Amino acid sequence: EPWEVIDMLNQLYSVMDYLAMRFNLYKVETIGDAYMCCSGLPIPDDMHAENIANFALAVSECVRHVKSPADGKPIRLRIGIHTGHCMAGGA
């Protein structure tokens, strides 16, 4: 059912929002099934790399409790981390 998928994503993103706040990350946006956040922005943070790595580890642990509505098994995530310069703009 579509609503079961929406509920599952809401549960997942709620956990990720909490962890982002806990690790002092800035949530950029969610796009479909992608969750984008950054560390060290908009306020510089010397611990930015450690914070984002700890966020990724915490998410990978917490996601075990989020079950797929299709088969009731824990969902699997792909987590990527990019480091380097950042540029942003607005229109």
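**Entry 1: a loop residue**

I began with N24, which is found in the loop between α1 and β1 (25–31), where helices (H or I, at least four residues) and strands (E, at least two) are DSSP runs numbered from the N terminus. I looked up the backbone there and noted that phi of N24 is near 60°, a positive value in a residue other than glycine. Is N24 buried or exposed? Its relative accessibility is 52%, so N24 counts as exposed; the cut-offs are under 20% relative accessible area for buried, over 50% for exposed and in between for partly exposed, with a 1.4 Å probe and protein chains only.

**Entry 2: what I am looking at**

I noted that this is a predicted model, in which local features need pLDDT of at least 70 and side-chain atom pairs count only at pLDDT 80 or more, while totals for chains, interfaces and linings use all residues. Residues are numbered from 1 along each chain as its sequence is written, and side-chain values use heavy atoms, with hydrogens and water left out.

**Entry 3: the whole chain**

I listed two helices and two strands as the secondary structure of the chain, and from the N terminus on these elements run α-β-β-α. The C-alpha trace spans about 40 × 30 × 20 Å along its principal axes. Of the 91 residues in the chain, 26% are buried.

**Entry 4: the two helices**

Two packed helices are described by the angle between their axes and the distance between the axes. I therefore looked up both for helix α1 (residues 2–22) and helix α2 (residues 48–62), whose axes come within 10 Å and cross at roughly 150°; axes are lines fitted to C-alpha atoms, for helices over the stretch in contact, and angles run from 0 to 180 degrees between N-to-C directions. The two helices are therefore roughly antiparallel to each other, a term for angles over 145 degrees.

Which residues meet between α1 and α2? I found V15, M16, L19 and A20 in α1 meeting F55, A58, V59 and C62 in α2, with contact meaning heavy atoms within 4.5 Å. The residues of this contact divide into eight nonpolar, no polar and no charged, where Ala, Val, Leu, Ile, Met, Phe, Trp, Tyr, Cys and Pro count as nonpolar, Asp, Glu, Lys and Arg as charged, and the others, Gly among them, as polar.

**Entry 5: a cis peptide bond**

Last, I looked at P42, which lies in the loop between β2 (34–39) and α2. A cis peptide bond joins L41 and P42, and omega is about -5°.

Definitions and conventions. Parallel < 35°, antiparallel > 145°, perpendicular 65-115°, else oblique.
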